[in-house]
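I wanted to look through this structure slowly and write down what I found in the order in which I looked.

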Amino acid sequence: MTSLTSFLLLLFTAVAQAISSSGSRLLVVLEDVAEKAQYSKFLGDLEGRGFEVTYETPKSDSLSLFHLGERSYDHILFFPTKAKGLGPNLTANLLLQFINAQGNILLALSGQKQAPTSVVAALSELDIHLPSERTGLVVDHFNYDVTSADEKHDVLLLPTPGALRPGVKDFFSPATPNGEVLALPQAIGQLLGNGALLTPILRAPATAYSYNPKEESEVLGDELFAAGKQLSLVTTVQARNSARLTVVGSADMLTDQWFDAKVKKVDGKASVATVNREFAKRVSGWTFNEIGVLKVNWIEHHLNEEGQGNQSNPKIYRIKNDVTYSISLSEYEWDHWAAFQVPAEDDLQLEFSMLSPFHRLSLKPTVSSEESTTYSTNFKLPDQHGIFNFKINHKRPFFNNIEEKNTVSVRHFAHDEWPRSYAISGAWPWISGIGATVTGWLFFVAIWLYSKPTGKGESKKTR
Amino acid sequence: MRFLRSLVPSLLLAAGAAQAASSWGFDEATLAVGSKKADGSVKEKFSEKSLPKKTVDFGRTDTLKIILTAKEGGKAKRPHQAFLTLQEPETGLEAPFVFTTKENGKATVELKHSDLPVQLLKSAKPLKATLTLASFGSSTGYNNRIFDVEIRPDPLAVPPVYEKPLRYGKLEEIHHIFKADPQSPPKVISMVFALIVAAMVPILLIATFALGGNVAHLQKAFSTAPVSHGIFYGSIIAMEFVFYMYYSTWNLFQVLPVIGVVGVVSLLSGSKALGEVQGRRLAGER
């Protein structure tokens, strides 16, 4: 009864906190708090999902990301500001400290307003580069919205991004039954470094390019910032501690105006709606740990041999033992933990390693419930003794990093654990040889003791 | 995008002059590939309607230069976007090169091997060169593949090194063992040899008896010294039994005391039994 009550209590608290898996305190930084009216639908969606939103301007004295060394907020959302810097409370260093403390940041930039210097500095630490002089506008003369940007071509219309590569889960593509598109007005493009932590969500189309609208409105200079697919319009970084930062190149795409806008492609016949609202929900949900969060429920390993004990998680195994390893994982989906399914063409891999892996094996789902999936595998331990780790190092784009290490000793065969010689068929001639020698010896002794010499032998001996 | 690419030329061809009024194009284009020192540069004139058909060879010391006149609706004009994009066909990696444009629509681009990223230099297949001419306003842009470029690396030079960047994903499976378990030959062969060895015992028995071996003195020996003979021979069998027990179950500490007991027994009984044998020898019966 008590366990049932506590379970129900746990369930209620879980429902009450049905929001992000890592806290609900959200700080929104705007030039002017009144500006939030532009983004009322986006911010309303966030509040509707359970975030406690605090609005601040960079100039505010009360703004502080840390209090007594602890984060004051779980997530930060930046909208474009006019000022060159963001003041002493939001320096690049503080933003990076916030990420190091596992805080998440969603950064909305605009091609019309210069990006703040502290943001540019923080981004360059993460190997995300903005155009020089912090201004750049992405245009595409082939994929623009005819309705609103017939002359300037700076409202990009893009299809939903789809999966990044085979084997990567597609979190960010809303359904588009009527050919709905994403509209990115006045976007600033980002150039990404080669690091594995950076993942673009949305790239510019092949014919898009970035230019400086102040200096290059007539003719492009020699230094092209980037063009085509090298330009990332929505970029994510997931740090090693699984803190997330997302750069949205177009803050305007989050405004109410573009949530409901009707747009028309260059060759399109009819106007179509935008899917900005759903896309914004998914991007913000991913950044604020509402989706793409994995959790390890338990890990278990045991001997898988007949006639041997199957104690859970023993500290020691013998070389060449058959062993079963299981891990239970859950994935957070908006407001609850659900069973984690490994995407097609991807695998959850177990490494059995001493310094370097001796075995790297794919785990297969064995038991699936509503809240978790158990993945397991059976394998024979390597023929080498030592201190080994069962290691799960699951790092995938858009999923938080899972690193689990369980250390076990692997010992030699004991002297009485080797197979007996009669069990080895190759030894049978030698065993029968020993038998023959023993019988022959007993026979020889009997002959020597009890043989009566024959006549011939006697005559020889007496002679 | 693919749709657009296929659309633009078909529009140009089908609609012809009517469409040309509001679309970008080019004319009087020259493609020159060669090294500056030697005059052996290959020049080829082409236009929108007659694109170069052959794959362009781009050697290590060569300069690839394109001069063209951009036109909007048939009139020479400077476009905002004038790019030559080289694309690696397998990975889809692209490198854009910006034309230097003049007011009268004249556009020039010049590139050397050192301008190309290493991924393109290492391409095994010819690169696709795409020309993009477009600008603000309502005119349709020009965006078409115009020719292919084959990169000819210098056979003497060190090939460029490119290391693929790390991307998180599943890795190769590993199943490493140092030494495979030892294997026995087929059981039939072991069985045959075991039987051959075992068959030696009856052969030994038969051969011994055939050569005159016998146990005729058994009765005599046992009537003279029954206890000592019985115990002596029994102790020899017992010793073999101890060895068998050591093989199957006992450990050394169980075996040693038993061997001690059996050994003393055979020593004591043996001196009596062998004395009897000696007696037979002295009596001339052996």
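The entries that follow go from the confidence of the model to its sheets, its domains and the contact between its chains.

**Entry 1: ground rules**

I am reading a predicted model, in which local features need pLDDT of at least 70 and side-chain atom pairs count only at pLDDT 80 or more, while totals for chains, interfaces and linings use all residues. I number residues from 1 along each chain as its sequence is written, and I follow the lettering of chains from A and the numbering of ligands from 1 in the order in which they are written.

**Entry 2: confidence**

I looked up the scores of the model and found ipTM 0.79 and pTM 0.82.

**Entry 3: the open sheet of chain A**

In chain A I followed an open sheet of 7 strands with mixed pairing, in the order S2-S1-S5-S6-S15-S14-S12. Why is one side of S2 and of S12 in chain A left without a neighbour in the sheet? Strand S2 (52-56) and strand S12 (198-203) stand at the edges and have a single partner strand each, so one side of each has no neighbour there. From one strand to the next, the twist averages 15 degrees, with axes fitted as lines to C-alpha atoms (for helices over the stretch in contact) and angles running from 0 to 180 degrees between N-to-C directions.

Within this sheet I checked S6 (residues 104-108) and S15 (residues 244-248) of chain A, which run parallel and are joined by 4 bridges. Leu106(A) has Thr246(A) of S15(A) opposite to it. I also saw that helix H6 (residues 276-287) of chain A lies across S6, S12, S14 (232-238) and S15 of chain A, and that the helix runs at about 150 degrees to S15(A).

**Entry 4: domains and record features**

The domain assignment, which is automatic or from a database, divides chain A into domain 1 (14-289), domain 2 (292-411) and domain 3 (429-462). I noted 65 Å between the centres of domain 2 and domain 3 of chain A, taken over C-alpha atoms.

An unreviewed UniProt entry places "domain: OST48 N-terminal" at residues 25-287 of chain A, and such annotations may be inferred rather than shown by experiment. That span is 16% helix and 24% strand, and its end C-alpha atoms lie 13 Å apart.

**Entry 5: strand S23 of chain A and its partners**

I followed S23 (residues 356-368) of chain A, which runs antiparallel to S22 (residues 348-354) of chain A with 7 bridges between them. Ser353(A) stands opposite Pro357(A), and in the hairpin of these strands, with 1 residue between them, Leu355(A) takes a positive phi near 65 degrees. S23(A) also runs antiparallel to S24 (residues 373-380) of chain A, joined by 4 bridges, with Lys364(A) opposite Ser376(A).

Which strand of chain B pairs with S23(A)? I found S12(B), paired in the antiparallel sense over 2 bridges. Arg360(A) stands opposite Ile174(B), and His359(A) has His175(B) as its bridge partner.

**Entry 6: where chain B touches chain A**

In all, 61 residues of chain B are in contact with 59 residues of chain A. On the chain B side, H4(B) gives the most, with 12 residues. By class, this side has 32 nonpolar, 20 polar and 9 charged residues; Ala, Val, Leu, Ile, Met, Phe, Trp, Tyr, Cys and Pro count as nonpolar, Asp, Glu, Lys and Arg as charged, and the others, Gly among them, as polar.

**Entry 7: the open sheet of chain B**

Last, I traced an open sheet of 5 strands in chain B, ordered S3-S11-S10-S6-S7 with mixed pairing. Its edge strands are S3 (56-59) and S7 of chain B, each pairing on one side only.

Key: Two strands pair if DSSP finds at least two bridges between them. Two residues are in contact if their C-beta atoms, placed from the backbone, lie within 7 Å.
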